[in-house]
Amino acid sequence: MTDLEQMLERQAQWQKSRQSLTWPEKIRMAEQVRESVRQLRAQPRPTIPEPPTR
Amino acid sequence: MQRVGVILDYALFGATAQMRYTEPVATLDADVLVAVASADRLDVLGGIYEFCAAKGYRPEGEAIRVGAWPTQFVPAFSPLTQEAMEQAETADFEGVAFRVVRADHLAVIALSVGRAKDLTRILALLESGSVSRDAIKSLAARYDLAKAWQRFEWKFLND
């Protein structure tokens with residue numbers, strides 16, 4: 001297994017461990033990140049430059 | 001609200017309900033399906049707003065803040081959401097009983113809405129093992145969503 005595969009495997013395990021938290025624990029986690037999410041969504045989205053035309 | 005007759009039935013759905021089955025997800029508000037007692041009112045949710053105002057819960061945009069959560073009350077708007085609400089499970093939230101929409105109904109409601117975040121929800125529910133592809137397929141077929149499910153399977157689950 002390469003380093004990258006190991007890292008992805010560890011991340012998958014971490015995500016699965018969060019799934020096994022209780023529902024109230026997961027709701028509390030969502031509460032903690034909500035303000036950051038709100039601020040991120042309130043920011044203007046970066047404009048994607050048009051591809052050059054020939 | 002149910003006890004005093006403002007609503008007849010309710011069930012939590014959307015991301016906060018999803019988190020009962022999957023890992024935590026980022027969301028800004030809580031969504032609650034409701035059957036209102038006065039469905040013939042022009043402002044269907046008026047009774048809920050009045051009840052909440054009397055209890056000191058203040059409106060926040062289209063939602064009402066309940067504790068830490070802006071909460072959106074959504075009338076059960078289709079036969080699918082009606083069934084999802086009626087067949088919701090009762091879950092315990094730190095000693096408080098909450099009606100929560102089942103995983104199969106969450107997945108098929110998400111399929112019916114069809115935004116990118118809804119399709120992600122279906123994948124998360126499948127990944128969590130809380131619902132099977134067969135269960136979604138069968139429920140989707142009952143609500144005229146067989147083609148939508150076929151497209152979803154082809155796009156995202158094409159092994």
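Between which two helices of chain B does the loop with Asp144(B) lie? Asp144(B) sits in the loop between helix H6 (133-142) and helix H7 (146-156); helices here are DSSP runs of H or I with at least four residues, strands are E runs of at least two, and both are numbered from the N terminus.

A word on conventions: this is a predicted model, in which local features need pLDDT of at least 70 and side-chain atom pairs count only at pLDDT 80 or more, while totals for chains, interfaces and linings use all residues. Residues are numbered from 1 along each chain as its sequence is written, and chains are lettered from A and ligands numbered from 1 in the order in which they are written.

Most residues other than glycine have a negative phi.

Glu94(B) counts as exposed because it has 11 C-beta neighbours inside 10 Å, the cut-offs being 12 or fewer for exposed, 20 or more for buried, and partly exposed in between, with C-beta atoms placed from the backbone. Asp144(B), with 11 such neighbours inside 10 Å, is exposed too.

Thr71(B) belongs to strand S5 (residues 69-75) and is partly exposed, because 19 other C-beta atoms lie within 10 Å. Beyond its neighbours within four places in sequence, Thr71(B) is in contact (C-beta atoms, placed from the backbone, within 7 Å) with residues including Asp29(B), Val32(B) and Ile64(B).

Finally, 15 residues of chain B are in contact with 14 residues of chain A.

Methods
Contact = placed C-beta atoms within 7 Å.
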